[in-house]
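Colleague: Hi! Could you walk me through this one? I have a few quick questions.

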Amino acid sequence: MDRRMFLAVSSAALGAAALPLPAFAADGAPLLAPWTGPYGGVPAFDKVKVADFAPALEAAMAEELAEVEAIANNPEPATFENTIAALERSGAASERVSMFYGVWGATLSTPEMREVQTAMAPKLSAHGDAILQNAKLFARIEAVYEGRESAGLTPEQQRLAWKGWNRFVRAGAKLSPAAKTRVAEINGELAQAFNAFNQNLLADETDYVLYLKTEAELGGLPQDVRDAAAAAAETRGRPGEYAILNTRSSMDPFLTYSDRRDLREKVWRTYYSRGDNGDAHDNNGLIQKILKLRVERANLLGYPTHAHWRLEAAMAKTPEAAMDLLMRVWPAAIARVGEEVAEMQAIADAEKGGVKIEPWDYRYYAEKVRADRYALDMNEVKAYLQLDKLREGMFWAAGEVYGMSFVPVSDVPVAHPDIKVWEVRRNGAHLGLWYFDPYARTGKRSGAWMNAYRSQQKMDGPITPIVSNNSNFVKGAAGQPVLISWDDATTMFHEFGHAIHGLMSNVTYPSLSGTSVARDYVEFPSQVNEAWLPTQPVLSRFALHHETGEPMPQALVDKIAAASTFRQGFEVTEYLASALIDMKLHLAGDADIDPDAFEREELAKLGMPRELPMRHRTPQFAHIFASDGYSAGYYSYLWSEVLSQDAVEAFKAAPGGMYDKQVAQALIDHVMSVGDTVDPAEGYRAFRGRDPDVGAYLRDKGFPVT
């Protein structure tokens, strides 16, 4: 139970009065049932009905609370086995139902599903608080924790006892009854606000579509982008037209290649106005409420701000440490933007009717600079980046580095026909299952992510992991290969790194398994995995031209390498701006904040270049406002990338380069297999022999190392 707290912990462990549930004539039994079938049981996606979610969630919560009460009221003295391990075994039905619930909410959302989510969010939060605020249960956890060093526990068991105790304390287990009640009320209000934020964002991404009809409107768009837009329009009942969706995977190529500046501006404004249109789906009021509730909760828990509460359990430990790192990189990033804009402006000035570079011009003119400086056309590169072939390249690299092999399977149910499944093997033995859900569709949230359907453990015998990767590539015409950008290929390798982290886990207890690590450490394994995409073996074997089947020419590979630091000003600055605003919002205490004004004023203080926006503007910043997930934690990507680039330099310095067996084994032994059984800083030192060096990150971006 401790590793998941049944959705409630990930949603902030809520507790307000529930909204009335819709009436459903169902009992939820299919979602509650233990998984059966091959591979130690698989999720019965073919049995899921939205009508079953509410009764299944209710039944699972009741079962889990009964299990927790039995542990809390055990008359025997508290021991690791009858308290900590017993909690690990509790909530199995909750975990199964929550997995289905999360998949449907994120990838198959419908009005009916959203109605259930709105009704269930406060009930789920109250359930989480009922566990976290159980005084008898905490007394037993604390007894085990305080006696952990004299009880003959293994290091992993001691780590689990600390993690459980720390989680309860940070959730308010030591507060007065009145304070506990208020924390639960806050959590309940947050749950409803998170749900509303997410649904507003999904509505803006779903409802706003730009339809193109004429050749003039398509000017500059490569054929694969046209084909994807045509397919998107046809699925929306507009055959013969072209749909530019309000998602990053549709917006980005349009802004990169469209010759129509007026349409680029329209697409840009629509995308960066999600959640900020002053209508029923506007998120600014919700953000104000979330910020106020977070700081009140932090104060009740004994912290000056939400940021201090969140970072205490992270590698960074303090907001000051995170801000120091962000601000160390910021000056170099915005200086590089100035250089990039100057180069783009020079090209624009030379054109007839030259324009002043605006945010909707950045990607478009950056490509012109890339072609001029490196003779590199990323659309030419894209012709070699077939989705299916690159997926095979990921498999091959994972085989070389981690000894994995992948076998497609068709004997397991899936949630949607687009989803494919592979068995993952290592050293001839079954390791786990990998599900891949690659395409955008109505009701699927934007972005890319990894899910753990089942975590690895061996507490009561081996349980193998089941993980998924989810993307939003635009599905092409039937029978045609899906071509993706270099950036999208990098993201695919990144998310696959999370999957590998979950699959390679080799721990005893599920709460310590796989990706259940500190937020600013979890991105480290995924960012390391990006480094295998540009290697010569992957590109020569799997970057094959979609028409000729020929491998990417070495000359083109060399151009990609030469341009590896190109546009890093844009990439790093748009990210850092989001990370800095996140931290500043959550360090502002109880201030009355107008989100739009705060964003505008704080970016001005930082000297944010006018030619680009934050990667995630505040009203659409789901990382920090659709849950507590990355709140005061978006810096984590930079923190983790400092680790990952330092690790990449370890590979490159070794005799075998990026495929060096000795370095790979050290990565497996101290990072990929250990989950949260060791402190991440200690695990990294064991891998690298020292603390990470930020210089590796700066060198990778082409920034000065000072």
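This is a predicted model: local features need pLDDT of at least 70, side-chain atom pairs count only at pLDDT 80 or more; totals for chains, interfaces and linings use all residues.

Colleague: Okay, and how many residues does α15 itself have?

Modeller: Helix α15 has 13, covering residues 362-374. From first C-alpha to last, α15 reaches 17 Å, close to the 18 Å expected at 1.5 Å a residue.

Colleague: Which residues of α15 are buried?

Modeller: The buried ones are Tyr362, Arg363, Tyr364, Tyr365, Ala366, Glu367, Val369, Arg370 and Tyr374.

Colleague: And what covers them?

Modeller: The cover includes α10, α11, α14, α16, α21 and α22.

Colleague: What about Lys368, which salt bridge is it in?

Modeller: The Lys368 side chain meets that of Glu351, at 3.4 Å from N to O. Lys368 lies in α15 and Glu351 in the loop between α14 and α15, so this pair ties together parts 17 residues apart in sequence. Lys368 counts as partly exposed because its relative accessibility is 28%, and Glu351 is also partly exposed, at 27%.

Colleague: Nice. Which salt bridge ties together parts that are 371 residues apart in sequence?

Modeller: Look at Asp460 and Arg89, which pair up at 2.7 Å, N to O. Asp460 sits in the loop between β6 and β7, while Arg89 belongs to helix α3, so the link joins parts 371 residues apart in sequence. Asp460 is exposed at 53% relative accessibility, whereas Arg89 is partly exposed at 34%.

Colleague: What does Asp590 pair with?

Modeller: Its partner is Lys292, with the closest N and O atoms 3.3 Å apart. Asp590 is in the loop between α22 and α23 and Lys292 is in helix α12, so parts 298 residues apart in sequence are tied together.

Colleague: How many salt bridges does the count come to?

Modeller: The count is 51.

Colleague: Changing topic: which residues touch the most other members of the largest nonpolar core?

Modeller: Those are Tyr402, Met404, Trp434, Trp532 and Met552, in a core of 157 residues. Helix α14 gives the most to this core, with 12 residues. Apart from it lies another core of 35 residues, including Ala56, Trp104, Met120 and Val409.

Colleague: Last one: is Ala321 buried or partly exposed?

Modeller: Ala321, which is found in α14, is partly exposed because its relative accessibility is 23% and buried means under 20%. Leaving out residues up to four places away in sequence, Ala321 touches Ala316 and Trp639.

Terms used. Residues are numbered from 1 along each chain as its sequence is written. Side-chain values use heavy atoms; hydrogens and water are left out. Helices (H or I, at least four residues) and strands (E, at least two) are DSSP runs, numbered from the N terminus. The expected span of a helix is 1.5 Å times one less than its number of residues. Buried means under 20% relative accessible area, exposed over 50%, partly exposed in between (1.4 Å probe, protein chains only). Contact means heavy atoms within 4.5 Å. A nonpolar core is a set of buried Ala, Val, Leu, Ile, Met, Phe, Trp, Tyr and Cys residues joined through side-chain atoms within 4.5 Å. A salt bridge is a side-chain nitrogen of Lys or Arg within 4 Å of a carboxyl oxygen of Asp or Glu.
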